[in-house]
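Here is a friendly briefing to read beside the model. Keep the 3D view open and follow along topic by topic.

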Amino acid sequence: MTLESILSSINSFVWGPPLLILLSGTGLYLTFRLGFIQFIHLPRALSYLFKTEKGMGKKGDVSSFAALCTALAATIGTGNIVGVATAVQAGGPGAVFWMWLVALLGMATKYAECLLAVKYRVRDKQGFMAGGPMYYIERGLGIKWLAKLFALFGILVAFFGIGTFPQVNAITHAMQDTFSVPIPLTASIITALVALIILGGVRRIAVVSSYIVPFMAVLYVATSLIILLINWQLVPQAIGLIIYSAFEPSAALGGALGFTVMKAIQSGVARGIFSNESGLGSAPIAAAAAQTKEPVRQGLISMTGTFLDTIIVCSMTGIVLVITGAWQSADIAGAALTNHAFTEGLNSNLGGTVVTVGLLFFAFTTILGWCYYGERCFVYLVGIRGIKFYRFMFIVLVGCGAFIHLDLIWILADIVNGLMAFPNLIALIGLRHVIVDETRDYFERLKMNKADENVVS
């Protein structure tokens, strides 16, 4: 057996029914127990993005908006451009439907985990806020070994999953395909820039992300909307195909193509989690650094990340892939497939250029965000003394990512992502009463105008 076939078997086991049930079950439970918070309070959550709390400078390291941008930096990346393409090729258009579903449920999960991150955060020896699943597992559940297990898996995701290989591989190959830039040259430049920025810590990462992420997200979505407007008559048919093939892939697409409902679900859920990271436990690490005294408020802000990442950006990619028919191209894959779809959609090479530039910046900020996540997990396990070793290893792995086979990269990323989700989801279930009580208390105080009295536009 080859290494790839062994890892494929492990991946099928990790992303089998237990994890799928745990992910969807946790999201469904929280959705009902929190009164459909992701739907009812989404307008409030979006409004909080443009408001700050008075006197919160000493309560965290970065603003709530910067904390969200740091989290979005780690989520809006190859998952939105390459991940959607690989999901649709593997599971058919129906995979997009399952991405939507996991995102809608995942908004409640993201809210809950980021609420807990602020509630159980601590200030470390360097004076920075430290939080995330490892802290609410230890301080909330009182299970230290499970917290350490989460931190270990978090480091593996940073090293071998979302943090390095998929991002660098996507950037280098897209630059080669679009601008004919040699892969080694792009890899060297990316590695040098990453090394320069990560030495500045969370504040520098947050500043870079706050500028790059909103600009590139708007540019990418605007280009997608132009394509949808040009091909507006095909949009209803594409959405219908996405929904129908989620439940009847063989009937809709032909049994010879090998699509099944389970494959659509696995592809959609795995790539959806890769993209928005809801339930993975990564976003809470960034949320813990936010300048806020209200756990619920930061939870609301953080759940908008899943909405923006999957419901908006991933949907744009998925629908463009379907309306252009690019997803049926068997001879191209990954970033090249999305590049082809946008070129066809605009009937111009400009579409492919936007995809490549978007991928360049999205993937680069994802590398930065995940370096921070992995670093916090590493510090939790071994302390600050080993931080130089962690950063050195991260930079080395960034340099290696361009030269690993694409299929192997995604299989490895899916495995470590799934492993990281297990401890976090167990913690959310174990702390469900804390989540519900905190939420109820906040909205009761809101009714009495006490919760947001320090919030200003």
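## Core, surface and side-chain pairs

Setting aside neighbours within four places in sequence, tryptophan 15 is in contact (heavy atoms within 4.5 Å) with Leu20, Leu23, Gln266, Val269, Ala270, Ile273, Asp414, Ile415, Asn417 and Gly418. Please note that this is a predicted model, in which local features need pLDDT of at least 70 and side-chain atom pairs count only at pLDDT 80 or more, while totals for chains, interfaces and linings use all residues. Residues are numbered from 1 along each chain as its sequence is written, and side-chain values use heavy atoms, with hydrogens and water left out.

**Nonpolar core**

- Trp15, Tyr111, Leu300, Leu321 and Phe394 touch the most other members of the largest nonpolar core, which has 150 residues. Helix α19 gives the largest share of this core, 15 residues.
- A nonpolar core is a set of buried Ala, Val, Leu, Ile, Met, Phe, Trp, Tyr and Cys residues joined through side-chain atoms within 4.5 Å. Buried means under 20% relative accessible area, exposed over 50%, and partly exposed in between (1.4 Å probe, protein chains only).
- In soluble globular proteins, nonpolar side chains tend to be buried together.

**Nonpolar surface patch**

- Leu28, Phe32, Phe36, Phe39 and Ile40 make a nonpolar surface patch of about 510 Å². The elements giving two or more residues to the patch are α2 (17–33) and α3 (37–40).
- For a patch, residues need over 30% relative accessible area and no salt bridge; nonpolar side chains (Val, Leu, Ile, Met, Phe, Trp, Tyr) are joined within 5 Å, and like charges within 9 Å. Accessible areas come from the Shrake-Rupley method with a 1.4 Å probe, and for residues only the protein chains shown count as cover.
- Phenylalanine 32 sits in helix α2 and counts as exposed because its relative accessibility is 52%. Helices (H or I, at least four residues) and strands (E, at least two) are DSSP runs, numbered from the N terminus.
- Phenylalanine 36 is in the loop between α2 and α3, and is partly exposed at 35% relative accessible area. Its phi is near 55 degrees, a positive value in a residue other than glycine.

**Aromatic pairs**

- The whole structure holds 16 aromatic pairs. Phenylalanine 97 and tryptophan 98 form an edge-to-face pair, 5.1 Å centre to centre with 85 degrees between the planes, and both are buried.
- Rings of Phe, Tyr and Trp (its six-membered ring) pair if their centres lie within 6.5 Å; planes under 30 degrees apart count as stacked, over 60 as edge-to-face and the rest as tilted.
- Phe159, Phe160, Phe165, Phe378, Tyr390 and Phe394 form one aromatic cluster.

**Salt bridges**

- There are 6 salt bridges in the structure, each being a side-chain nitrogen of Lys or Arg within 4 Å of a carboxyl oxygen of Asp or Glu.
- Arginine 376 and aspartate 124 meet in a salt bridge of 2.8 Å, N to O. Arginine 376 lies in helix α19 and aspartate 124 in the loop between β2 (122–123) and β3 (129–130), so the pair ties together parts that are 252 residues apart in sequence.
- Glu294, Asp441 and Arg445 are linked in a network of salt bridges. The closest N and O atoms are 3.0 Å apart between arginine 445 and glutamate 294, and also 3.0 Å apart between aspartate 441 and arginine 445.
- Aspartate 441 and arginine 445 both lie in helix α22, 4 residues apart, about one turn of the helix.
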